[in-house]
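Take a first walk through this structure with the sequence at hand.

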Amino acid sequence: MKFETLCLHSDNNIKDEWGTLTTAICQSATFVHKGVDINNPYSYSRLSNPTRRHLETLVAKLEGGYDAYAFSSGMTAITVSMMLFKKGDHVIASDDLYGGALRLFNNVNKENGIEFDFVDTSNLDNVKKLVKENTKLIYIETPSNPTMQVTDIEEIAKIAHDNKALLFVDNTFLTPYFQNPIKLGADIVLHSGTKYLGGHNDTLAGFVVTSNKELADKILYYSKTIGGQLAPFDSFLIERGIKTLPLRMNKINDNAIKLVEALKSFDKIKKIYYVGDKDSKGYEIIKKQSKGFGGMISIEVESKELAKKILKDVKIFQYAESLGGVESLITYPMLQTHADVPEVERNKRGINDKFLRISVGIEDVYDLILDLKQAIYD
Ligand SMILES: Cc1ncc(COP(=O)(O)O)c(C=O)c1O
């Protein structure tokens, strides 16, 4: 089955007893046992729930993984997967990551004794130099949030596996429609399902997709022990979003390419970060490992005053944190997603007071171009 069909018909053979076309929302915390010696498929919703399980199975298939587990947010998914590591383990992570992941690593995992080195993972030599005997994990986002660094997944997987370490890839920005890190060697794929998978800015969700049974069993064990699973109604919403994922991603990709072309002629935009730009550093790698470029663009404008004016004057773009939904959003990473990253570190990576991040939606692209134009020049 092709990806687009899978999004709608992954399991036509396992309809429930009512024959519902959409997955039924099974709003039950517990399940009545049929007998003492009879194995029930479900017993308690922290362990598993039919609506959630349906979604998890679908996401595992879309990513080409062994199994998947759905959580109440992307951060829960990342937190649970970091339970695989203990005091004394060493992690090499991209220095450009979603601010919440950096906060977890620096302020929680590090405090609990896990060692971290942060580096530009798009430069593989950097990574090789940092590998130590106790290196257990390489953690990347590609493209990274928010400066769109591209890391070669196949090559970095080799570095990890040569050293018996795992590779985790946060695939939120490109989604399984464009990029399948497990097929390229990743051991675990993470998602903020809040973004493109759900696609409508109406619920939080997160996924851990594993490449093998051993990791799946461990994640399930931590998940049932800790909690934080995705609720049945939210599972339904994410599954409904996935039905149109290919359509949305195609439109978003198209819009982003056209928007970047237009923004290049705006003299007050000094720098554009977009992986679909032929002149961008990671272009050849992204072409090799992804079927599309996605809809995330960052820009550096001429001044701090202009950055603030844009946020104030946009009419179609909404000044709001998050990404990946049908509505185009614009974010000020310095004050929002990356507010907890120390200023010196932020500035080193160009995330300064002139830096804005755009999540392109499915509106008419000419409306989007005109909206930014009036916000910058009028
Ligand atoms: C790349 C990436 N990963 C993970 C997360 C965390 O996801 P959530 O907000 O669903 O907890 C985000 C949130 O913005 C993100 O951008």
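What follows describes the parts of the model in turn.

This is a predicted model, in which local features need pLDDT of at least 70, side-chain atom pairs count only at pLDDT 80 or more, and totals for chains, interfaces and linings use all residues. Residues are numbered from 1 along each chain as its sequence is written.

Start with the whole chain. Its secondary structure comes to 14 helices and 12 strands. Here helices (H or I, at least four residues) and strands (E, at least two) are DSSP runs, numbered from the N terminus. The radius of gyration is 21 Å, close to the 21 Å that the globule rule gives for 378 residues, so the chain is as compact as a globular protein of that length. That radius is taken over C-alpha atoms, and the globule rule is 2.2 Å times the number of residues to the power 0.38. Along the principal axes, the C-alpha atoms fill a box of roughly 75 × 50 × 35 Å.

Now look at the sheet of seven strands. It is open, its pairing is mixed, and its order is β1-β7-β6-β5-β4-β2-β3. Two strands pair if DSSP finds at least two bridges between them. At the edges lie β1 (67–71) and β3 (115–119), each pairing on one side only. On average, neighbouring strands of this sheet are turned by 20° against each other, direction ignored. Axes are lines fitted to C-alpha atoms, for helices over the stretch in contact, and angles run from 0 to 180 degrees between N-to-C directions.

Inside this sheet, find β4 (residues 135–141) and β5 (residues 166–170). They pair in the parallel sense over five bridges.

The loop between β4 and α6 deserves a stop. P143 is found there, and a cis peptide bond joins T142 and P143, with omega about 0°. P146 has its place in the loop between β4 and α6 as well. A cis peptide bond joins N145 and P146, with omega about 15°. N201 is not a glycine, yet it has a positive phi of about 50°.

Which residues come nearest to the ligand? They are S73, G74, M75, S192 and T194, out of 13 residues around it. A residue is near a molecule or strand if its C-beta atom, placed from the backbone, lies within 6 Å of it. The shell has three nonpolar, eight polar and two charged residues. In these classes, Ala, Val, Leu, Ile, Met, Phe, Trp, Tyr, Cys and Pro count as nonpolar, Asp, Glu, Lys and Arg as charged, and the others, Gly among them, as polar.

Helix α3 (residues 74–81) and helix α4 (residues 99–109) pack at an angle of about 35°, with their axes 10 Å apart. M75, I78 and T79 of α3 meet G100, A101 and L104 of α4. This contact has four nonpolar, two polar and no charged residues.

Go on to the other sheet. Five strands form it in the order β8-β9-β12-β11-β10; it is open, with mixed pairing. The edge strands are β8 (269–273) and β10 (318–319), and each pairs on one side only. β10 and β11 (residues 329–331) pair in the parallel sense over two bridges. Q318 has L329 as its bridge partner in β11. Helix α10 packs on this sheet, touching β8 and β9 (296–301), and its direction makes about 15° with that of β9. Helix α12 (residues 304–313) packs there too, touching β9, β10, β11 and β12 (355–359). The direction of α12 makes about 135° with that of β9.

End with a helix pair that includes α10. The axes of α10 (residues 245–263) and α14 (residues 365–377) come within 10 Å and cross at roughly 35°. N255, K258, L259 and A262 of α10 make the contact with V365, L368 and I369 of α14. By class, five nonpolar, one polar and one charged residues take part.

How values were computed: Contact = placed C-beta atoms within 7 Å.
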